[in-house]
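Please look over the sequence and the model below before reading on. The text then goes from the overall fold to individual side chains.

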Amino acid sequence: MSHSFGMVIESLVAVLLLLTIGYCMLLNKRLLRLKADEQSLKATIGELIHGRPKSPSAPSAGSSTPWRDVNENLGSQLNSATDMSRQLTKLLAEGDGVLRRISRIAVAARPAEPEAPKLSAAQSIAVAAQAFSDRRRPNGLAA
């Protein structure tokens, strides 16, 4: 019994080791592909940094480049968005002040509600029991 149990455990360990080796091989392939992608990405970034055109139809260094136009356009749009954000912040603060004043006016304009008489715990239970008995249905059950 113990001999077969030991064989089962060792077989299980062997299968797990084979699965681990297979998974390591798969990871190794993925790492190699990632390393190759890293090299091509570094080359692309280097070309972008040095401003080397990829195609012969790219504009020369002296002429106005599309990315400069885009950069200037984005800069102006960013400045206008910042100004608009400041204006909206001011308007929101003013609106908040107006809302507070209106709520104070509304609270002050409400008529004062008469205070309900203060009841002790026993009195409140008695009132609740009376209300419960008043709700009795014709068939004898309370609602």
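What follows describes the helices, the surface and the salt bridges in turn.

The model is predicted, with an average pLDDT of 81 over the chain and 81% of the residues scoring at least 70. Where pLDDT is low, the predicted coordinates should not be read in detail.

The secondary structure consists of three helices and zero strands, so that the order from the N terminus is simply α-α-α.

Helix α1 covers residues 2-50. Its 49 residues reach 71 Å from the first C-alpha to the last, close to the 72 Å expected at 1.5 Å a residue. Just after α1 comes glycine 51, which takes a positive phi of about 70°.

How much of the chain counts as buried? Of the 143 residues, the share is 1%. The accessible surface comes to about 13400 Å², and 65% of that area belongs to carbon and sulfur atoms.

Part of the surface is a nonpolar patch of about 380 Å², made by Phe5, Ile9, Val13 and Leu17. Isoleucine 9 lies in helix α1. An α-helix has 3.6 residues a turn, so residues three or four places apart point the same way.

The salt bridges come next, and the count is four. One of them joins lysine 35 to glutamate 38, with the closest N and O atoms 3.7 Å apart. Lysine 35 and glutamate 38 are three residues apart in helix α1, which means that about one helical turn separates them. Glutamate 38 has a relative accessible area of 32% and is therefore partly exposed.

Helix α2 (residues 66-109) holds aspartate 83 and arginine 86, three residues apart, about one turn of the helix. These two side chains form a salt bridge whose closest N and O atoms are 3.2 Å apart. Aspartate 83 is partly exposed at 41% relative accessible area, whereas arginine 86 is exposed at 52%.

Aspartate 96 and arginine 100 also lie in helix α2, four residues apart. Their side chains meet in a salt bridge with an N to O distance of 3.0 Å. Aspartate 96, at 33% relative accessible area, is partly exposed. Elsewhere, salt bridges that share partners link Lys35, Glu38 and Lys42 into one network.

Notes. Residues are numbered from 1 along each chain as its sequence is written. This is a predicted model: local features need pLDDT of at least 70, side-chain atom pairs count only at pLDDT 80 or more; totals for chains, interfaces and linings use all residues. Side-chain values use heavy atoms; hydrogens and water are left out. Patches are made of residues with over 30% relative accessible area and no salt bridge: like charges are joined within 9 Å, nonpolar side chains (Val, Leu, Ile, Met, Phe, Trp, Tyr) within 5 Å. Accessible areas come from the Shrake-Rupley method with a 1.4 Å probe; for residues, only the protein chains shown count as cover. Helices (H or I, at least four residues) and strands (E, at least two) are DSSP runs, numbered from the N terminus. Buried means under 20% relative accessible area, exposed over 50%, partly exposed in between (1.4 Å probe, protein chains only). The expected span of a helix is 1.5 Å times one less than its number of residues. pLDDT is the predictor's confidence in each residue, from 0 to 100.
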